[in-house]
Amino acid sequence: MEMLIGEYCNTLDEKGRILFPAKLRSVLQQEVLMVTQGLDHCLMLFTMEEWASLNEKILGSASLFNDQKRLVLRRFIAPAQRLEFDRSGRLSIPQSLREYAGLSGECTILGINKYMELWDSASYRDYLEKTESSFQQAAESMSGILL
């Protein structure tokens with residue numbers, strides 16, 4: 001599969017549906033995605049193949065007897081839902097996930113190679129502003145990568 005990349009802005013309608021960018025849909029070449037709560041109060045979206053691989057890795061390292069691992073299971077695996085594109089290329093985001101990410105109105109969809117993130121656009125702009133100084137340090141920590 002080709003990389004999922006790009007930043008796109010679309011509006012969430014009153015029924016909780018969002019038109020998914022045609023460029024991302026053409027790369028996906030499938031009609032189903034898994035969506036779950038992400039970090040930083042966004043939603044994370046995966047192809048079924050990527051979700052199965054990630055799910056297997058998480059469950060393979062999880063223990064019911066470890067607080068932190070149960071937390072990841074409850075906050076990441078449990079809220080996951082399978083979504084299908086409608087004929088217009090829209091995804092209907094469940095209300096519980098919309099509330100978690102604070103989605104309403106303008107949203108930002110990010111393609112991040114093997115997965116995607118869905119943000120409330122105002123929250124995403126705030127996140128970028130708050131992390132601007134950290135970004136420089138994060139980029140410098142990857143100085144071993146040669147172009």
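1. Helices (H or I, at least four residues) and strands (E, at least two) are DSSP runs, numbered from the N terminus. On that basis, Asp86 sits in the loop between strand S5 (81-84) and strand S6 (90-92).

2. This is a predicted model: local features need pLDDT of at least 70, side-chain atom pairs count only at pLDDT 80 or more, and totals for chains, interfaces and linings use all residues. Residues are numbered from 1 along each chain as its sequence is written, and side-chain values use heavy atoms, with hydrogens and water left out.

3. Accessibility classes come next. Buried means under 20% relative accessible area, exposed over 50%, and partly exposed in between (1.4 Å probe, protein chains only). Asp86 has a relative accessibility of 26%, so this residue counts as partly exposed. In space, Asp86 and Glu31 are 8.3 Å apart, C-alpha to C-alpha. In sequence, 55 residues separate Asp86 from Glu31.

4. Which residue forms a salt bridge with Asp86? The partner is Arg90, with the closest N and O atoms 2.7 Å apart. Arg90 is partly exposed, at a relative accessible area of 23%. A salt bridge here is a side-chain nitrogen of Lys or Arg within 4 Å of a carboxyl oxygen of Asp or Glu. The count by this rule is five. Among them are Asp13 with Arg17, at 2.8 Å from N to O, and Arg82 with Glu84, at 3.0 Å from N to O.

5. Now the aromatic pairs. A pair of aromatic rings is described by the distance of the centres and the angle of the planes. Rings of Phe, Tyr and Trp (its six-membered ring) pair if their centres lie within 6.5 Å; planes under 30 degrees apart count as stacked, over 60 as edge-to-face and the rest as tilted. The structure holds seven aromatic pairs. One of them joins Phe46 and Tyr115: the ring centres are 5.8 Å apart and the planes lie at 25°, so the pair is stacked. Phe46 belongs to strand S4 (residues 43-46) and Tyr115 to strand S8 (residues 115-120), so the pair ties together parts that are 69 residues apart in sequence. Phe46 is buried, at 5% relative accessible area. Tyr115 is partly exposed, at 22%.

6. Trp119 and Tyr127 make a tilted pair, 5.1 Å centre to centre with 40° between the planes. Trp119 is buried, with a relative accessible area of 2%. Tyr127, at 29%, is partly exposed. Separately, Phe46, Trp51, Phe76 and Tyr115 form one aromatic cluster.

7. On packing, a nonpolar core is a set of buried Ala, Val, Leu, Ile, Met, Phe, Trp, Tyr and Cys residues joined through side-chain atoms within 4.5 Å. The largest has 24 residues. Which of them touch the most other members? They are Phe20, Leu43, Leu91, Ile93 and Leu118. At least two residues of this core come from each of strand S1 (4-12), helix H1 (22-28), strand S3 (32-37), S4, helix H4 (95-101), strand S7 (105-113) and S8. A second, separate core has nine residues, including Phe46, Leu73, Ile77 and Ala80.

8. Contact means heavy atoms within 4.5 Å. Setting aside neighbours within four places in sequence, Ile93 is in contact with Leu12, Gly16, Ile18, Leu43, Leu83, Arg98, Leu103 and Leu118.

9. Ser121 lies in helix H5 and is buried, with a relative accessible area of 1%. Beyond its neighbours within four places in sequence, Ser121 is in contact with Cys9, Glu106, Cys107 and Thr108. Lys23 lies in helix H1 and is exposed, at 61% relative accessibility. Lys23 and Tyr8 are 15 residues apart in sequence and 9.7 Å apart in space, C-alpha to C-alpha.

10. Last, the pocket. On a 1 Å grid over the protein atoms alone, a pocket is an open set of points where a 1.4 Å probe fits, with protein on both sides within 12 Å along at least five of seven lines; lining residues have an atom within 4 Å of a point. Grid points are joined across faces, edges and corners, and a volume is the space filled by probe spheres set on the points. The largest pocket holds about 360 Å³ of space. Its lining has 18 residues, of which Asp40, Glu117, Tyr127, Leu128 and Thr131 lie nearest the centre. S7, S8, helix H5 (121-130) and helix H6 (132-140) each supply at least two lining residues. Which element gives the most to this lining? H6 does, with five residues.
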